[in-house]
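User: Hi! I've got a structure open and would like to talk it through with you. Could you start with what you mean by a contact?

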Amino acid sequence: MGSSSCGPGAHLVHLWPSHFAFSGHHPWDLGPHSGPALLVSLASEVQDLHLAQRKEMASGFSKGPSLGLLPDVPSLTETLSYSYCYVGIMTGPFFRYRTYLDWLEQPFPGAVPSLRPLLRRAWPAPLFGLLFLLSSHLFPLEAVREDAFYARPLPARLFYMIPVFFAFRMRFYVAWIAAECGCIAAGFGAYPVAAKARAGGGPTLQCPPPSSPEEAAALEYDYETIRNIDCYGTDFCVRVREGMRYWNMTVQWWLAQYVYKSAPTRSYVLRSAWTMLLSAYWHGLHPGYYLSFLTIPLCLAAEGQLESALRGRLGPGGQKAWDWVHWFLKMRAYDYMCMGFVLLSLGQTLRYWASIYFCIHVLALVALGLGVALGRGSPSRRKSPATSLAPEKLREE
């Protein structure tokens, strides 16, 4: 499918204006670099191939091609080509070698739709870009670094983190949508809908390749494999843990597959803390990353404990009101954590958090303590379905 790499979107990801830089970052600094992630994933895929070959040798018969399994160990040239594939080299999304190979070996690339899916994916980006420019102009991050900011009333200081995180989200939405559009224009990551592909991991169901151009054209395709952001889900999901699923989705799959599952503990919260610690290190050495990422496990523990202890006791109306309050607090928690991510330094992050009395940390600790107390007093102490499924949800990313 090499011819498809010259599609109209081949250079979409390079059209990033310099004024989209934010908080002192380079405009391309949109997260951890993809090179190491690709090679870790490739090593795992090669290991899976070797394990499958050993099982075949032990059993004495071949089971045929398995879902997602590589046909052969890639050569050095093939590994370098995968590592430096232009589609994801700047902003992602992350993709497995199997996805890359399926793109190259697509039997009928001309039958894979790209223009309509690209337009359907790209249409919100200009709006998000305008919202970013407006919000970052009205509420510049640099104001938080000035002494005069801390003379403002407490409500003003509390409010300021909301537009800062809003601008942060809008910037990433535009960048990741543009990156996805680059993939879509090249036909990269397209699979039949019947394969039920998921972000990062690719197909979850075996789908035989079409035998003719007509059969290929009759199939319905999607680009879920390279989908990196669910803007609606990010903004309107109820829980902190759900927000993690919809943000940087392909990398979340990588973290769940190669970090979360290998964590040296079985506890969901401690596994999440291990994953967030390595994610912070992957982003860089700025203390703000660690302060922000390591606040997430506390929020996960608090919301899980309180929800399992209290939400199930409420009626339908009470649960609906609970979800609205939960959503509001989830957004404020991410606002709060975003300040560490953009201020970066230990002193500036702690100065801002102290100016609002570490409100999210305090609230999370109170919620955690209340949830533990109520849980102990409950005769059944049964977890709600949403809480009991939390580890499985993270694994599915």
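Analyst: Happy to! By contact I mean heavy atoms within 4.5 Å. Keep in mind that this is a predicted model.

User: Good. Which residues is asparagine 228 in contact with, leaving aside its neighbours within four places in sequence?

Analyst: Asparagine 228 is in contact with Pro93, Trp176, Glu180, Tyr246, Trp247, Asn248, Met249, Thr250 and Val251. You'll find asparagine 228 in the loop between strand S2 (221-222) and helix H8 (231-236).

User: Is asparagine 228 buried or exposed?

Analyst: Buried: its relative accessible area is 1%, and the cut-off for buried is under 20%.

User: Before we go on, what is the mean pLDDT?

Analyst: The mean for the protein is 85, with 84% of the residues at 70 or more. Residues 1-33 are below 50, and that stretch has 75 contacts in the model beyond near neighbours in sequence. Residues 379-397 also stay under 50, with 41 contacts beyond four places in sequence. Where pLDDT is low, the predicted coordinates should not be read in detail.

User: Switching to aromatics: how many pairs does the count come to?

Analyst: The count is 33 aromatic pairs. Take tyrosine 336 and tryptophan 353: their ring centres are 4.6 Å apart and their planes are at 5 degrees, so this pair is stacked.

User: Which helices do those two lie in?

Analyst: Tyrosine 336 is in helix H14 (residues 316-343) and tryptophan 353 is in helix H15 (residues 346-355), so the pair ties together parts 17 residues apart in sequence. Both tyrosine 336 and tryptophan 353 are buried.

User: What forms the aromatic cluster?

Analyst: One cluster is formed by Phe128, Phe165, Phe168, Phe172, Tyr173, Trp176, Trp247, Tyr289, Phe293, Tyr334 and Phe341. Trp176 and Trp247 from that cluster are also among the contacts of asparagine 228. As for Phe165, the charged end of arginine 169 sits over its ring, 4.7 Å from the centre.

User: Nice. Now salt bridges: how many are there?

Analyst: There are 14 salt bridges. In one of them, arginine 351 pairs with aspartate 147, with the closest N and O atoms 2.9 Å apart.

User: Why does that pair tie together parts that are 204 residues apart in sequence?

Analyst: Because arginine 351 lies in helix H15, while aspartate 147 lies in the loop between helix H5 (125-138) and H6. Arginine 351 is partly exposed at 35% relative accessibility, and aspartate 147 is exposed at 57%.

User: What about glutamate 242 and arginine 239?

Analyst: Their side chains meet in a salt bridge at 2.8 Å, N to O. Glutamate 242 counts as buried at 12% relative accessibility, and so does arginine 239 at 9%. Both belong to a network of salt bridges that links Arg239, Arg241, Glu242, Glu303 and Glu307.

Key. Residues numbered from 1 in each chain as written. Predicted model: local features only at pLDDT ≥ 70, side-chain atom pairs only at ≥ 80, totals over all residues. Heavy atoms only, no water. Phe/Tyr/Trp six-rings, centres within 6.5 Å; stacked < 30°, edge-to-face > 60°. Helix = DSSP H or I, 4+ residues; strand = E, 2+ residues; numbered from the N terminus. Buried < 20%, exposed > 50% of the residue type's maximum accessible area, 1.4 Å probe, protein only. Lys NZ or Arg CZ within 6 Å of the ring centre and 35° of its normal. pLDDT = per-residue confidence, 0-100. Salt bridge = Lys/Arg side-chain N within 4 Å of Asp/Glu carboxyl O.
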